[in-house]
Amino acid sequence: MFKALTIAGSDTSGGAGLEADLKTFQEFSVYGMAAITVIVAQNPKTGWAHDVYPVDLKTIEAQIDTVLGGIGVDALKTGMLPSEEIIRLVARKLKEYGAKNIVIDPVMVCKGTDEVVNPVAADAIKTELLPLATITTPNIFEAAQLSGVRPLDTVDKVKEAAKIIHSLGAQNVLIKGGRKLGTAEAVDVFYDGKDFELFQTPIIDTTYTHGAGCTTAAAITANLAKGLSVRDAVFEAKMFITAAIARGFKLNEYVGAVRHSALRDRD
Ligand code: PXL
C-alpha cells in the first residue's frame, strides 16, 4: 500500500484542507495520514468568515514524528501553515527525516475570502520550504507573492514567475492560472526547470470550487506516492480536478465544493 501524509489545516466544512487531501488520497487508493497544523472554522453568524485556530508547535511535531518517525511515507504535501514558527518547524522535520516527494502547496488565502492567512508567511515559505519542494503549486495570487511579478495577468508573465520560483529552490513549479489569465481555456503552467508545458482545459462556469487547490496538490502527491513522474502526476491531477470541478456542488448559501468522488460517481 502506498502511503502519503498531509501536513495541513482542518477545513471543518470539508471541501479543502486535510479533509480534501484525505478524500483525494483515498480516490487514488493511497493510504492517507494527517498532521493538523490549524483548525479553520467557518462562522455561519458572520457570513461564513474563516476563524483560524492554530495548533501548538509541540502537538504538530508529535504528529509528524508519528508518521515520519514511526511509519514512513512515499510522498507528502503541506497545506495551510499559519505562522512562521510552524513553517520553520515543518521544514526542520522534513530535513530531519530526509523526506522525499514533497509537494508544497503555499496556501495563503481561502477561496471566497481575500484574507491573507499570514503576510509574513510568504517569506518563510520562500526561504524554508521551496528549497525542499519536489514541486510547488501556487495559484496566481500565491505565485505573485512568491515571485514578486505583478500583475500576473498573462501566460508570459506566469512563465517568468515560474522561473523565479524555480530559482528559489523548487524543482518543479505548477502555477494554476485557471480562468484568471484572460485565455479562452483554463491554463495551468508547468515548469520543470528546463521546459514549460501548458495544461489547458475548457473553462467550467461554476463558483463551486472550494477545495480545488488542496485537491490538485493532493492528487499530485498521491500520484508521486505511486511512483509516477512529476509531469505525469500533474497530468493525472489535472484530469482529476477538472472532473471534480465539473461536478462541484452547493454546500450552503455561501459556498460550493469540488466533488472528490467525481470520477466514479454515476448519479
Ligand atoms: O483552500 C485553502 C484552504 C486550505 N486549508 C484549509 C482551509 C482552506 C480554505 O478554506 O480551510 C484548512
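Okay, quick definition to start: I'm calling two strands paired if DSSP finds at least two bridges between them. And keep in mind that this is a predicted model.

So, the strands. S2 and strand S3, residues 49–54, are joined by 6 bridges and run antiparallel.

Thr6, for example, has Ala34 in S2 as its bridge partner.

On to the aromatics. Searching the whole structure turns up 5 aromatic pairs. The one I'd like to show you is Phe28 with Phe240: the ring centres are 4.8 Å apart and the planes sit at 50°, so we call that pair tilted. Where do Phe28 and Phe240 lie? Phe28 is in the loop between helix H1 (17–27) and strand S2 (31–43), while Phe240 is in helix H8, residues 230–246, so the pair ties together parts 212 residues apart in sequence. And are they buried or exposed? Phe28 has a relative accessible area of 10%, so it's buried. Phe240 comes in at 3%, so that one counts as buried too.

Two more things to look at. Phe190, Phe199 and Phe235 are linked by ring pairs into a cluster. And over at Phe196, the charged end of Lys159 sits over the ring, 5.3 Å from the centre.

Terms used: Residues numbered from 1 in each chain as written. Predicted model: local features only at pLDDT ≥ 70, side-chain atom pairs only at ≥ 80, totals over all residues. Heavy atoms only, no water. Phe/Tyr/Trp six-rings, centres within 6.5 Å; stacked < 30°, edge-to-face > 60°. Helix = DSSP H or I, 4+ residues; strand = E, 2+ residues; numbered from the N terminus. Buried < 20%, exposed > 50% of the residue type's maximum accessible area, 1.4 Å probe, protein only. Lys NZ or Arg CZ within 6 Å of the ring centre and 35° of its normal.
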